[in-house]
Amino acid sequence: MDGRKERRRRLALWMAGFRWRTLPMAFLPVVTATVLARLQGFPRSADGWPRFWLLAAFCLLVSLNLQIGVNFLNDYSDGTRGRDEARRANREDGPVSGPVRLVASGVRPKAALAVAVGFLALACLSGLVVVTLTGLWALMAVGVVCLAAAWAYSSGRHPYGMAGWGEVAAFLFFGPVAVLGTDCVLGSPWPFCPPAGFVRSGSAQPVFTCTCIFAYVFTFLACLIPGLFSACLMMVNNLRDIDDDEFHGKRTLMVRWGRKRGEAVFAICLGALLLAQAGAFFLLVSSPFIPLIASGTHPLPPRSSLATMIVCCLTGLSIQSVMDVSLWLRLHRRDFRRALTLVSAAISFSAISFLPFAFLPLI
């Protein structure tokens with residue numbers, strides 16, 4: 001009986017090592033990039049749909065496996081460096097916060113490292129499939145940078161995650177890097193082309209008018225939304241652990257700024273997120289009218305599609321607003337467990353809100 005309990009305990013530890021509440025961060029940039037590619041007119045024909053979704057699926061595998069690998073690698077590094085010693089020993093000479101970690105709970109460090117390397121290898125394999133299918137071998141350099149960033153976050157002599165750069169890295173790699181990289185894979189050349197309706201007939205060159213700027217504004221918002229969400233998730237995590245991190249020498253951004261300033265920055269990021277989502281939804285709803293304004297003859301999509309867009313936008317913004325307010329209240333009351341759950345739920349819901357636009361006629 002004791003052996004069965006021990007196996008269940010170890011299984012629960014390994015399951016917790018995935019850090020499930022962080023995994024929606026891997027989905028959102030791929031979803032927004034897919035919508036961006038659809039807005040740019042990809043796939044160009046009905047025959048391109050299978051390849052389009054196959055590439056999107058492999059991009060999701062890259063993002064998801066990278067996130068899981070980083071989670072296990074972070075457990076390994078914190079455990080071997082003794083950063084989670086307070087959690088393991090339950091010492092009374094320092095504050096203890098956050099969940100119990102793998103290595104700090106007695107799991108062999110090499111086992112945690114092996115799992116981390118395994119998921120990172122799966123990410124590399126998925127990325128290799130992507131570059132093989134697309135011929136974009138230059139993206140391998142981006143993959144190398146992502147792997148280096150994953151390792152250097154909590155490992156090496158000077159891990160940047162412990163020096164206050166974790167939120168910045170989360171914003172960059174889950175924002176512009178993930179979104180623009182996925183958009184490039186799904187069909188848009190570099191630099192990113194405007195939607196098909198924004199190109200002058202008989203010319204491959206985009207018309208740089210207000211209608212063309214529309215595409216680049218949405219590209220900016222598509223990068224901003226997942227990046228800010230990722231930074232917010234990390235801020236909540238670091239605000240929860242701020243006392244523990246300071247005691248053990250972790251100079252995270254929240255430790256450097258302090259709790260009050262950190263909460264203020266978090267509130268600003270939440271407000272910016274809501275504005276960015278409102279702007280993105282507005283652009284998506286108005287996208288069918290842009291080619292009509294540009295050419296005067298472009299047909300509009302069916303009313304049912306427009307109605308679906310409007311319903312998705314209004315529903316998404318309403319629920320997102322409620323979740324943001326609830327999240328701020330939970331954080332202000334130091335209820336970090338529910339705050340982390342709310343951030344994860346908000347990221348998931350944002351991805352779900354954008355997903356229908358990947359199937360609707362946007363241009």
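1. Phe171, Leu172, Phe173 and Phe174 of helix H7 meet Pro176, Val177 and Ala178 of helix H8. Sorted by type, the residues of this contact are seven nonpolar, no polar and no charged. Note that the model is a predicted one.

2. The geometry of this pair comes next. Two packed helices are described by the angle between their axes and the distance between those axes. H7 covers residues 166-174 and H8 covers residues 176-185. Their axes lie 3 Å apart, at an angle of about 10°. Angles under 35 degrees count as roughly parallel, so H7 and H8 are roughly parallel to each other.

3. On the record: an unreviewed UniProt entry lists "transmembrane region" for residues 51-73, 111-130, 136-153, 160-181, 213-236, 264-285, 305-327 and 339-360. Two of these spans can be set against the model. Residues 111-130 are 100% helix and 0% strand. The end C-alpha atoms of that span lie 29 Å apart. Residues 136-153 are 83% helix and 0% strand. Here the end C-alpha atoms are 27 Å apart.

4. Helix H1 has 16 residues. From its first C-alpha to its last, H1 reaches 23 Å, close to the 22 Å expected at 1.5 Å a residue. Just after H1 comes Arg19, with a positive phi of about 50°. Arg19 is not a glycine. Its place is the loop between helix H1 (2-17) and helix H2 (24-39).

5. Is Arg19 buried or exposed? Its relative accessible area is 17%. The cut-off for buried is under 20%, so Arg19 is buried.

6. Arg334 has a positive phi of about 65°, and it is not a glycine either. Arg334 sits in the loop between helix H14 (303-332) and helix H15 (336-354). Its relative accessible area is 46%.

7. Last, a loop threonine. Thr252 is found between helix H10 (242-247) and helix H11 (253-257). Its relative accessibility is 3%. That is under the 20% limit, so Thr252 counts as buried.

8. Which residues does Thr252 touch, leaving aside those up to four places away in sequence? They are Gly161, Met162, Gly164, Asn238 and Asp245.

Note on methods
Residues numbered from 1 in each chain as written. Predicted model: local features only at pLDDT ≥ 70, side-chain atom pairs only at ≥ 80, totals over all residues. Heavy atoms only, no water. UniProt positions renumbered as here; feature names shortened; annotations may be inferred. Helix = DSSP H or I, 4+ residues; strand = E, 2+ residues; numbered from the N terminus. Buried < 20%, exposed > 50% of the residue type's maximum accessible area, 1.4 Å probe, protein only. Axes fitted to C-alpha atoms, helices over the stretch in contact; angles between N-to-C directions. Parallel < 35°, antiparallel > 145°, perpendicular 65-115°, else oblique. Contact = heavy atoms within 4.5 Å. Nonpolar A, V, L, I, M, F, W, Y, C, P; charged D, E, K, R; others polar. Expected span 1.5 Å × (residues − 1).
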